[in-house]
Amino acid sequence: QGIEDCANRNGYQVFLCNSNWQLSKEKEYLKALYGKRVDGIVIGPVSNDISHLLDTASKNVPLVFAAYKPQAENCNYVVTDDYKSAVIAMEYLIKLGHRKIAFIGGQQDSCTNKDRLNGYLDILKKYNIPTVPAYIKHGQFKQKSGYQLTKELLIENEIPTAILAGNDIIALGVIQAIEEFGLSVPNNISVVGFDDISFAALDKIQLTTVFQPKYKIGELCVEILLDKIKNPCNSEFTHKVLEPKLIIRKTCRGI
């Protein structure tokens, strides 16, 4: 919405392409967009393999990464501080008395997942809480993945008192699995997500989560593209990192 509103205000239309986390589809869409001679591209890539995206300069099509921070410096991006997001969430859980905290993440090679996992691990270390490898699971940024991984976690291991989910969609699957297991959120297990999607605030969910300024990310991505379109000779790259914010609702309790 942020991308579309900002683009429309400036006389541009938006083509929306959903890769559904498939690299082959991402590449197909990019080829189609180049064929349509679009003025610029905003992308949330499927994986850290972005080699096919770094040659866009040769096609004279400016590109901005949304909610993804490439390791390469020769890129434009707008992100929320994912590492700090995890630190905020973990500090909150530990303040509530939790020590048995699991991490149910998305794609293991995702930059977002890595940053959030590192925040999780560093806070465990800060408070001298042993890392339990079995408490760390990776899958996809999807509800089904959160559900399946949480079922495995609860069946195979000592039940944690809290679960940090890789995003809010995963958290929905986490909550579903906990309840099917005969436990409740937050009485038995506390759950925290990331992003603050619209579903998180629903009365029956009330998910505690770390807010990501999604609309602002979209706006800033388009503003960067517009600058690159108007100033094609400007070879400098733009990096913007936005601050996260903890949104406390009803899926966590003190122990």
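Here is a short tour of the cores, the strand pairing and some backbone details in this structure. The model is predicted. Its largest nonpolar core holds 42 residues, and another core of 16 residues lies apart from that one.

**Nonpolar cores**
- Within the largest core, the residues touching the most other members are Tyr120, Ile163, Leu164, Val174, Ile178 and Val191.
- At least two residues of this core come from each of helix 3 (82-95), strand 4 (101-105), helix 4 (111-126), helix 5 (143-156), strand 6 (162-165), helix 6 (168-180) and strand 7 (190-195).
- Helix 3 gives the largest share, 7 residues.
- Beyond its neighbours within four places in sequence, isoleucine 178 contacts Thr150, Leu154, Ile163, Leu183, Ser184, Val185, Ile189 and Val191.
- The other core includes Leu33, Ile50, Val61 and Val79.

**Strand pairing**
- Strand 7 and strand 8 (residues 208-211) run parallel, joined by 4 bridges, and phenylalanine 194 sits opposite valine 210 of strand 8.
- Strand 8 also pairs with strand 10 (residues 245-247), in the antiparallel sense over 3 bridges; here threonine 209 faces isoleucine 247 of strand 10.

**Backbone details worth a look**
- Most residues other than glycine have a negative phi, and most peptide bonds are trans.
- Valine 185 and proline 186 are joined by a cis peptide bond, with omega about 10 degrees; proline 186 lies in the loop between helix 6 and strand 7.
- Asparagine 20 has a positive phi of about 55 degrees, is placed in the loop between helix 1 (2-9) and helix 2 (23-35), and is partly exposed at 34% relative accessible area.
- Aspartate 195, in strand 7, has a positive phi of about 110 degrees and counts as buried, with 13% relative accessibility.

Terms used
Residues are numbered from 1 along each chain as its sequence is written. This is a predicted model: local features need pLDDT of at least 70, side-chain atom pairs count only at pLDDT 80 or more; totals for chains, interfaces and linings use all residues. Side-chain values use heavy atoms; hydrogens and water are left out. A nonpolar core is a set of buried Ala, Val, Leu, Ile, Met, Phe, Trp, Tyr and Cys residues joined through side-chain atoms within 4.5 Å. Buried means under 20% relative accessible area, exposed over 50%, partly exposed in between (1.4 Å probe, protein chains only). Contact means heavy atoms within 4.5 Å. Two strands pair if DSSP finds at least two bridges between them.
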